[in-house]
Amino acid sequence: MFSLDRMRALHAVAQHGSVAAAAAALHVTPSGVSQQLAKLEREAGQALLEPRGRSVRLTRAGRVLAAHAERVLAQLAQARSDLELLNEEVLGPLRIGAIPTTVHALLPPALATLASQHPRLEVTLREGEAEQTIPQIVTGELDIAVAESWADRPTVLPPTVSAITLFSDVADLVLPAGHRLAHRRTVDLAEVDDVPWIAWTAGSGCYEWLVHVLRAQQLEPKISCTVGGYPTQLALVAGNAGAALVPRLARGAPPAGVRILTTRPALSRTIIAICRAGEEQQRGVQAALDALRAASARFGAEVQPVR
C-alpha cells in the first residue's frame, strides 16, 4: 500500500518538473519531498527518479506511478467535494433589489419558494429602479437585482455583472374611455397628440423611457402627473388626467373608465436578473435565480395581451 502523502509528492514533481518546485507547491521543504520520494521508491521496489543535469526526471516506473497518483488524487478530491455538497445547506444573508412591477408580481412566489426550500436563507428585499440597484450589485450592497431592459432603450450593464433573462413583457397604451381613439384596438403612438401624459417621478428610468418613446414618435410630451405605482396611474387615467403606458405585468384588472390599446410600434421589455460576474454558482445566489426562473415560468403565461 502506497502512502497518500508520498503519492502526492510524486504527482507534484511530475506536475512541476523539479523537487524544489514541487516543495513550493506543497508548502514543504525540498528535503521533505526528497524523503517522501525515497520512501516511495522503497515501497515500489523500483527507481522513480533519475538525475537530469542538476535536476531530476521521472523514470518509466515513475511516470506510470505518477499517472496512478493523478487519478487517485482526483478521485479523493471528488469524494471530498461530494461529501461537502451532501452536508452543505443554503444559508446566510441574501439581498435582492427589484423594480416595483416585479416586487408586486414576481417576487412573492419566488420568495415563497426560497422560504420553503431553504428556510435558513435570510432574504431581504428592497424595491428600487435599475439606476439604483445595478450600482449596488457592483459595490456588493446587493446580491441580485431584478431589472428591465426595453427593446428601444436597452439597459447598459457594467462589465463586472452577469444578466439572466427571465421573461418578456409588453407595455400598452391606456386612455380615458372618452378619448377619441379609445374605440380602437391598436393605435399609432404618433396619433396620441392631444392628451397629457402620466409618468413616474422625474429623473427615474421609467420617466426617461416614456419621454424617449414619445420623442421617437415626434411627440413632445406634456406630462401632467408624476407618480410612482401603475395602479395609481391607471386610476388617474380613469379620472381623465391623461394617458399612460403601462406594462402588462403591472396592469392587473383595469378600473372602469379606461381603455387599453396595443401600440405601433410595439413596446417590449425583457425582465432580467443581475448578479456579480462569477457569482451565479454561489449557492444562495443560485437558489434565488432558480426560484426567480420558476416564478417567471409560471407568471409569464399570465402576462395577457389586450382582449
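## Largest pocket

In this predicted model, helix α8 gives the most to the lining of the largest pocket, with four residues. The pocket holds about 230 Å³ of space. Its lining has 15 residues, and those nearest the centre are Glu131, Glu148, Arg153, Thr155 and Gly205. Besides α8, the elements α7 (130-139) and β5 each supply at least two lining residues.

The model has two cavities of 30 Å³ or more. About 60 Å³ of space lies in the largest cavity. Its lining is made up of Ile198, Ala199, Trp200, Cys206, Trp209, Leu210, Tyr230, Gln233 and Leu245. Helix α8 also provides the largest share here, three residues. At least two lining residues come from each of β8, α8 and α9 (230-238).

Strands β8 (residues 197-199) and β9 (residues 223-226) are paired in the parallel sense, over three bridges. Ile198, which is among the residues lining the largest cavity, has Cys225 in β9 as its bridge partner.

## Nonpolar cores

The largest nonpolar core comprises 28 residues. Within this core, the residues with the most contacts are Leu106, Leu107, Ile144, Val146, Leu166, Ile271 and Leu292. Two or more core residues come from each of β3 (92-98), α5 (100-105), α6 (107-117), β5 (144-150), β6 (161-176), β12 (267-276) and α11 (283-300). The most are given by α11, which contributes seven residues.

Beyond its neighbours within four places in sequence, Ile144 is in contact with Arg95, Ile96, Gly97, Ile137, Ala273, Ile274, Val285, Ala288, Leu289 and Leu292. A second, separate core has 22 residues, among them Leu175, Leu181, Ala243 and Leu261.

Phe2 lies in the segment before α1 (4-16). With residues up to four places away in sequence left out, Phe2 touches Met7, Leu40, Glu43, Ala44 and Leu65. Phe2 does not count as buried, because its relative accessible area is 34%, which makes the residue partly exposed.

The C-alpha atoms of Phe2 and Pro196 are separated by 84 Å, the two residues being 194 apart along the chain.

## Backbone exceptions

Most peptide bonds are trans, and most residues other than glycine have a negative phi. One exception is the cis peptide bond that joins Arg264 and Pro265, with omega about 0°. Pro265 sits in the loop between β11 (258-264) and β12.

Positive phi values are found at two residues that are not glycine: His27, at about 60°, and Asn240, at about 65°. His27 is in the loop between α2 (19-26) and α3 (30-44), while Asn240 is in the loop between α9 and β10 (244-247). His27 counts as exposed because its relative accessible area is 72%, over the 50% cut-off. Asn240 is likewise exposed, because its relative accessibility is 59%.

Technical notes:
Residues are numbered from 1 along each chain as its sequence is written. This is a predicted model: local features need pLDDT of at least 70, side-chain atom pairs count only at pLDDT 80 or more; totals for chains, interfaces and linings use all residues. Side-chain values use heavy atoms; hydrogens and water are left out. A nonpolar core is a set of buried Ala, Val, Leu, Ile, Met, Phe, Trp, Tyr and Cys residues joined through side-chain atoms within 4.5 Å. Buried means under 20% relative accessible area, exposed over 50%, partly exposed in between (1.4 Å probe, protein chains only). Contact means heavy atoms within 4.5 Å. Two strands pair if DSSP finds at least two bridges between them. On a 1 Å grid over the protein atoms alone, a cavity is a set of points where a 1.4 Å probe fits but cannot get out, and a pocket is an open set with protein on both sides within 12 Å along at least five of seven lines; lining residues have an atom within 4 Å of a point. Grid points are joined across faces, edges and corners, and a volume is the space filled by probe spheres set on the points.
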